[in-house]
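Colleague: I would like to learn how to read the features of a model like this one. Please take me through it.

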Amino acid sequence: MPKTAERLSELIRKDDPIIKYGDPVLREVAKPILKVGEDMPEFIGRMEEIMRQANGVGLAAPQLGVSQRVIVYDTGDGLQAMINPKILKSSGEQMEPPEGCLSIPGLRGIVKRSDEVVVKALDENGRPIRVRAEGYAARVIQHEVDHLDGILFIDRAEPESLQWITAEEEEEEGVVEE
Ligand SMILES: [Zn+2]
């Protein structure tokens, strides 16, 4: 992926590099990575840095203006990166916790998600991986994969559950920011 790591180096110098709602890139279907290049680990490293700076638990490349199928997340078990993730199986149902999105700061809502997913993807070195996740991690993966398809959590949220909250409330209530 030519120049993307370089591009992120530029972005990361900004105070807030995360693309916000209203930018058309968030509505694009991101392109698959045809060949995992040597700069992918660096690209992933920068995504991680930006995600952590923003106190997020997940981040998708389109949120940095890069319309390619790469996601990262960390739900407490360390960083997981996925290239070209594909959800193979999903089952069950979960409603909590409320979701938020780093691209739509201050808004949260209840989103019904599958409780368990099986995902295939490539890792940062281009090796095939298969991940089974449940609960919180499954929620985050579904949110990030949605980003790659131009879908935002507000599209799936129970409409009456959507509400604006302050940064303090966000911290207290443990909203999942992705
Ligand atoms: Zn998001």
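Modeller: What follows goes through the sheet, the core, a helix and a strand residue of this predicted model.

Colleague: How many bridges join β2 and β3?

Modeller: Strand β2 (residues 70-73) and strand β3 (residues 80-91) pair in the antiparallel sense over four bridges.

Colleague: Which residues touch the most other members of the largest nonpolar core?

Modeller: That core has 37 residues, and M47, L59, A61, I71, V72 and I141 touch the most other members. Two or more residues each come from α2, β1, β2, β3, β5 (104-109), β6 (116-122) and α3.

Colleague: Now α3. How does the span of its end C-alpha atoms read against its 14 residues?

Modeller: At 1.5 Å a residue, the 14 residues of α3 (residues 135-148) should span 20 Å, and the end C-alpha atoms are 21 Å apart, which agrees.

Colleague: Why is α3 called largely enclosed?

Modeller: Start with the general idea. An α-helix has 3.6 residues a turn, so residues three or four places apart point the same way. In this case 11 of the 14 residues of α3 are buried, so the helix is largely enclosed by the rest of the structure. Among the buried residues are A137, V140, I141, E144 and L148. Leaving aside residues up to four places away in sequence, I141 touches Y73, V117, V119 and A133. Just after α3, G150 takes a positive phi of about 75 degrees.

Colleague: Last, W164. Is W164 buried or exposed?

Modeller: W164, in strand β8 (residues 163-164), is exposed, because 10 other C-beta atoms lie within 10 Å and the cut-off for exposed is 12 or fewer.

Colleague: What does W164 touch away from its own stretch of sequence?

Modeller: Not counting residues up to four places away in sequence, W164 touches G106 and L107. The C-alpha atoms of W164 and L107 are separated by 4.5 Å, although the two residues are 57 residues apart along the chain.

Terms used: Residues are numbered from 1 along each chain as its sequence is written. This is a predicted model: local features need pLDDT of at least 70, side-chain atom pairs count only at pLDDT 80 or more; totals for chains, interfaces and linings use all residues. The expected span of a helix is 1.5 Å times one less than its number of residues. A residue is buried if 20 or more other C-beta atoms lie within 10 Å of its own, exposed if 12 or fewer, and partly exposed in between; C-beta atoms are placed from the backbone. Two residues are in contact if their C-beta atoms, placed from the backbone, lie within 7 Å. Two strands pair if DSSP finds at least two bridges between them. A nonpolar core is a set of buried Ala, Val, Leu, Ile, Met, Phe, Trp, Tyr and Cys residues joined through C-beta atoms within 7 Å.
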